[in-house]
Amino acid sequence: MIFYFSGTGNTRWVARQLAEATGETLYDIAKELLKAQAEGTHQVLDYQLQAGERLGFCFPTHGWQPPHIFREFIRRATFHTGADTYCFAVTTCGDNMGEAMTILNKELLRHHVQAVSQFSVIMPESYVCLPFMKTDSDERVSEKINAARQQLPHIIDVISQRKAGVIELERGATPRLYSYVIGGYFNRHMISDKKFTVDADVCTRCGLCQRICPVEDIKGTPPVWQHNGHCTSCLACYHHCPVHAINYGNITRKRGQYVMKSVESNS
């Protein structure tokens, strides 16, 4: 089993390749949470691993931490593992991921399991809601994706052979500062849909933002955000908008958009 979360497609692209190469079943945790909600089983997310089945987690780094939706999923889920269950984790990030894996393993402790091999995969930038954060140039996007393509066969080999103790992470120069101070503030105070706006005269009412939102936080056309605390600030709505009608305050009006091209649909 491989569980993943993705907004603009980077992590989905990685997770799909891992699943295809290892034969593991792929689960979109946002869809799993919505399914549980629709079925009225808000607290029941039960997964039985078969003998020899791997347990994998793939997530984007948000503010040098795992996204809060990913942590919520782990806290609510039950994983029935065996003594020989092999667990691994992969995070995608624009440049570095701080102590995101340490935080993930702390969450996994409640399940008496740890990710024994861990990887970070550098992918194109998608968070553009701070003054110093922008999308990468087309050249840099190509460089990052090509480097990731070269890295993935190695990760697949480690997972396929169930190797433990392989830790290959871009933590950055001051990972604790990134994750626990800056990232702590970011994830407590800056994950919100309150600053999203739409230019109604530009919006084509295609409904893509509503369909693409992983937490169903958007209703109607033009889009209306629900302000119910479910937003993950993944920016899927912003990046997927075909006419750049969606913005996060004024800061993104002159910023670029990015979607992993091979996974543009929300299938």
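Student: Where is the place of Arg162?

Tutor: Arg162 sits in the loop between helix 5 (138–160) and strand 8 (167–168). Helices (H or I, at least four residues) and strands (E, at least two) are DSSP runs, numbered from the N terminus. This is a predicted model, where local features need pLDDT of at least 70, side-chain atom pairs count only at pLDDT 80 or more, and totals for chains, interfaces and linings use all residues. Residues are numbered from 1 along each chain as its sequence is written, and side-chain values use heavy atoms, with hydrogens and water left out.

Student: Why is Arg162 called partly exposed?

Tutor: Buried means under 20% relative accessible area, exposed means over 50%, and partly exposed is in between (1.4 Å probe, protein chains only). Arg162 has a relative accessible area of 34%, so Arg162 is partly exposed. Its phi is near 55°, a positive value in a residue other than glycine.

Student: What makes His227 count as partly exposed?

Tutor: The relative accessibility of His227 is 47%, so His227 counts as partly exposed. His227 lies in the loop between strand 11 and helix 8 (236–240). Phi of His227 is near 50°, again a positive value in a residue other than glycine.

Student: Which peptide bond is cis, and what is its omega?

Tutor: The bond from Thr221 to Pro222, with omega near -5°. Pro222 belongs to the loop between strand 10 (218–219) and strand 11 (224–225).

Student: How many aromatic pairs does a search of the whole structure find?

Tutor: The search finds 17. Rings of Phe, Tyr and Trp (its six-membered ring) pair if their centres lie within 6.5 Å; planes under 30 degrees apart count as stacked, over 60 as edge-to-face and the rest as tilted. One of the pairs is Phe3 with Tyr47.

Student: What makes Phe3 and Tyr47 an edge-to-face pair?

Tutor: The centres are 4.9 Å apart, with 70° between the planes.

Student: Which residues do ring pairs link into a cluster?

Tutor: Phe3, Tyr27, Tyr47, Phe57, Phe59, Phe70, Phe73 and Phe79.
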